[in-house]
Amino acid sequence: MAKKSCEKHKKFNYYCQDCQDANVVKDARFNYNLFKKNGHYKKLILLIIVVVAIITSMAIFWWWPSWFGNINLQAQLYSNKAGGIDFFDFYFLNLWSTNFIFNKTALIGAFIGSVIMSLPPERNLLTIIGTKLRFGKPSRLKALAFWWTIGFVMFYLLGLLLDVNNGGFSWTIYLIENGQIEITPNIILDAFAVLFDSNNKDFVTIFIYSNLILPVVTFIFGVLILRLVLNIVKNTYLRKNDYYVISNAFLIIGLLCGLGFFFVATLPLDGIGLIQIWAVILGFITMTSLGIFMYLYGKMQFEKDSANYIFSRFKQKKIIYIIVIVIAFTLTPLIFSIGPTLNLNNTAVWTEQQWIKKYKREIEWTSTCAGLDMFEERSISNFTESSTTSDALMISQVRQFDQNFAVQYLAASIGSTFEGLADSDIVYINNKEYWVAPKSVRFSEIAGDAVQTNTELYDHVEGFLAMDTFTGDLVNVSLTFNITENYPIFFGESESQRYLEQTLGYYESGALGAYDSDILLNTEWAEGIPNNKFTYEEEPDGILTGLEGFWKTLNIGLFAYAFNSKHEYLINRNVINRVYQILLPQLRIDSDPYLVFDMTRGKMYYAVSIYTYINVGSYAQYPILRFLGVSLIDVISGEMTFYENPTLDPSGDPTSPLWEIYLEKYDWQTVPEWLKAQLRYPEDLFELQLEANYKYHVRNSQTWKRGDDFHERPEDGNLFYIETDLGDGIEYIGLDLVEYKGQTATLLAGIYVVRHGDHFGEAIFYYTRDSIENLIGPKTARETYGSEATQELTLISGKRHGNTLIYPLGGSIYYYIPTYSTAGSLQQLKLAGFVEAFIRNVGYGENAQDAYDNLNLTKGETISNVSISYNFEMETSMTYPDNPANFEITLQNFDTNFSAPGLDIKVNLSVYSQTTNNVDYSLILPPDMYPIENTTFIDGDYTRVNFTIIDTTLYFGEGLVLNGFLNTTKAGVILYFKWTLIVDSAIIYESQEKLIYVY
């Protein structure tokens, strides 16, 4: 029914009081009955009641037990198997976290929005809706009720956006509540003080301001702008008033300028930027003032004449003049900044405006936050001069086989179709490197029904594989790691991407893998894997009963067990997810867990590294990066133990208030000695720190301006874990090569290393900037090797170059480049090369030893006038115990002077290996050669035995040929040997040290 209108209007006008009065009946604005017209509204209300009842029932009987059941399981898991961690506290953060729909963070947004919309009550939104639904303009009381009911819910949901900054808002309040940091009344002034004080490094204030104050300010400004937008809609859609429209538009621009001003405190501004920010301040003042002025002026004009609400052409010109003047005034700081900007090519101006006020501060802030003080700088010459390891020993530590080779080789050793390989990693144990790959369930061979994925049918695998990185041979895990060959793994990793790509030819991202699914215990599906000896006998991760257990079991597809009264589960079986689920905000885990072995107890664990990633902002271009420690996961029981980084020191660290809480919330323990020897610095963390140091290691303004000492990772570069000598003997390090950024000629800028063991966490950058000669980069080294060995390389079928590594050899630096042949799923080491980094000397051969021999770095035969010829040969491998290494000695006195005295000849054979190998040596010679004189002594980490094989006199024309064998008492070791020829008490010849592989 159409509404009545007054005499002045042809149609009903909502803002005309006469029109409103014409429709009032019996003192009521509208006279209608909700339940008339055949009970239509009554049916609607009943429908609403039914829908509400259904939703409530679903929430009580389905949504809540289904959701809370998972939370309950997590809480049980970490309370029982992670040192009593309170999962509820971690997950809900005292009800500040937005992980739960009901939280105090969203409540703050609800109160802010409702208060702003209530002072005075905003009625435009309801009026706009009212024009469509024909209930007219609401009263102030109704509008107030709306904003504290429906509006409250609306702003509650919008309040979740307060925590959109990686959970920074809720985490900051949680830190304040736990007494880790404090918020002061002057927090905003303190934040801006950082901008104007070059010596100010108040990380905590900037963190609080960025994560707490700024979200609240942004939310307040956002709600104010919403009100202004509704005003614009009102004055264009409901009733036209150009004055009010433009005034609100100016106010919106002013608020945006004001919001921009609040963001300024989080930006790394230089001197010019500090001048230009005044434009934002002036914009806030002028635009807001202009908006208020236009509103008051428009209101005054409307009061004079209610028809005077449209800009005439004359008024439009006047307002344009005013806007131009205001904009010109606002942009004044930008005009003042033109001078310094144009003079930035002046050294003094650039130094003052950009270096001192920005870049120098960026370096200081970033270095502190990213922990770049860990890097010690040394000249590249130190890398070779400090090495005390013989070339022969260094050659035996070369990593001849890379990860791609290891994956294919180890995969070929798996004997069943349902087993695959998890990620293979370098493991350093007993002073030796191995490629170690745990077995995993091969999910590509499983149909995917719930019994296969969520019961004990395929709940574990048994055993792991290991390969010597130097010889490429499989090792006996029982002898090497003191771990049974069928060690059960109930908690592990999914099949690795590299394994799936190399064996199946594809990798499906996001697909369900081994250990990714939860397991329901006690289903009688155990012992389903052939040849497996173990079943899970440890405590469950959690137990559910009632509706929680029903829905959890139903959700994983095991309907037949859903009605059991008690349900026991294993959850978070993937070790990455097991640790990730208990991370507090702004923590990360390394993406590459690795195995560690407690050989004394015969136990195996996964080590998952945990580090901080706390964004500060302002002049810090990288987050706060600190390695906290590792969580060890027992692969049999799933028990978690946290071990603190042995080098972590909060004292004197200005960022520590932001991360010390992590040391309190987890049950950190001291790293035992057996773990310290195997502990690895997190690869992801170190690469982040490297990336920061590539740029922010530069401390000189002119070098920064030239940009000639910034670094970048070379093509195919990566962080490689190898064995080398940095001055303290052979040790296990992570190594990363870098080139100068932007150089067309790929020159080596230096070598980054991170140390382990007794020097854990120490990092060194070996720089080349002061080197007299340029060092080629790895790409040039590969090209040089390819050019020298072109003929040999062309004969290799399916050739592939392995990792390009670097070692100190022969008093210099050499790149090692292996080349493999690939035929189907099989690979072989076909060629290996060494390339000198300075003069590009190349040696190549079938393996590292042959390549080194072809470099001709040894002294060879000593130049002498002694009339003796000699030759020494030794096999480079033996099989214990039946096939010892054969050697042959050939000597001849070729003196033609028959009256010359005879030559007193001695031939010594020196054999040694690491003392920890606990191996003895013996010689097998003709019977008349016994007894053999020998001496044993300790030389550092090695036990040496010197055998005097020949001690005789040779007269003119005499010679001898001697065949013998070298035997040992143990397999699986590497021996080093050297020949020494002594004539008349003078050393005539010393061979280079060479290797014997004992299989």
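**View 1. T780 is tucked away in a helix of this predicted model.** T780 counts as buried because its relative accessible area is 12%, and buried means under 20% (exposed is over 50%, partly exposed is in between, with a 1.4 Å probe and protein chains only). You'll find T780 in helix α29, residues 778-788. Helices here are DSSP runs of H or I with at least four residues, strands are runs of E with at least two, and both are numbered from the N terminus. Which residues is T780 in contact with, leaving aside its neighbours within four places in sequence? They are T746 and R840, where contact means heavy atoms within 4.5 Å.

A quick note on reading these views: the model is predicted, so local features need pLDDT of at least 70, and side-chain atom pairs count only at pLDDT 80 or more, while totals for chains, interfaces and linings use all residues. Residues are numbered from 1 along each chain as its sequence is written, and side-chain values use heavy atoms, with hydrogens and water left out.

View 2. Helix α2 gives the most, with six residues. L157 belongs to helix α7 and is partly exposed, with a relative accessible area of 48%. Patch members have over 30% relative accessible area and no salt bridge; nonpolar side chains (Val, Leu, Ile, Met, Phe, Trp, Tyr) are joined within 5 Å, and like charges within 9 Å. The areas come from the Shrake-Rupley method with a 1.4 Å probe, and for residues only the protein chains shown count as cover.

**View 3. Negative charges gather on the surface.** The members of this patch are E537, E538, E539 and E639. Asp and Glu count as negative and Lys and Arg as positive, while His and the chain ends are not counted. Each charge is placed at NZ of Lys, CZ of Arg, CG of Asp or CD of Glu. Is E539 buried or exposed? E539 counts as exposed because its relative accessibility is 58%. Look for E539 in the loop between β8 (519-520) and β9 (542-545).

**View 4. K240 and D242 pair up.** Side chains of opposite charge can pair when their charged atoms come close. Here the side chains of D242 and K240 meet in a salt bridge at 3.1 Å, N to O. A salt bridge means a side-chain nitrogen of Lys or Arg within 4 Å of a carboxyl oxygen of Asp or Glu, and the structure holds 27 of them. D242 is buried at 15% relative accessible area, whereas K240 is partly exposed at 45%.

**View 5. A salt bridge joins R769 and E377.** Their side chains meet at 3.2 Å, N to O. This pair links distant parts of the chain, 392 residues apart: R769 is in the loop between β21 (763-767) and α29, and E377 is in strand β1, residues 375-379. R769 is partly exposed, with a relative accessible area of 33%, and E377 is also partly exposed, at 36%.

**View 6. R800 meets D402.** This salt bridge comes in at 2.8 Å, N to O. R800 lies in strand β22 (residues 800-801) and D402 in the loop between α18 (391-396) and α19 (403-411), so the pair ties together parts 398 residues apart in sequence. D402 is buried, with a relative accessible area of 3%.

**View 7. Several charged residues form a network.** D728, E731, R755 and E762 are linked by salt bridges.

View 8. Most residues other than glycine have a negative phi, and most peptide bonds are trans. L119 and P120, though, are joined by a cis peptide bond, with omega about -15 degrees. P120 is in the loop between α4 (104-118) and α5 (124-133). Another cis peptide bond joins Y930 and P931, with omega about -5 degrees. N522 isn't a glycine, yet has a positive phi of about 60 degrees. N522 sits in the loop between β8 and β9 and counts as exposed because its relative accessibility is 55%.
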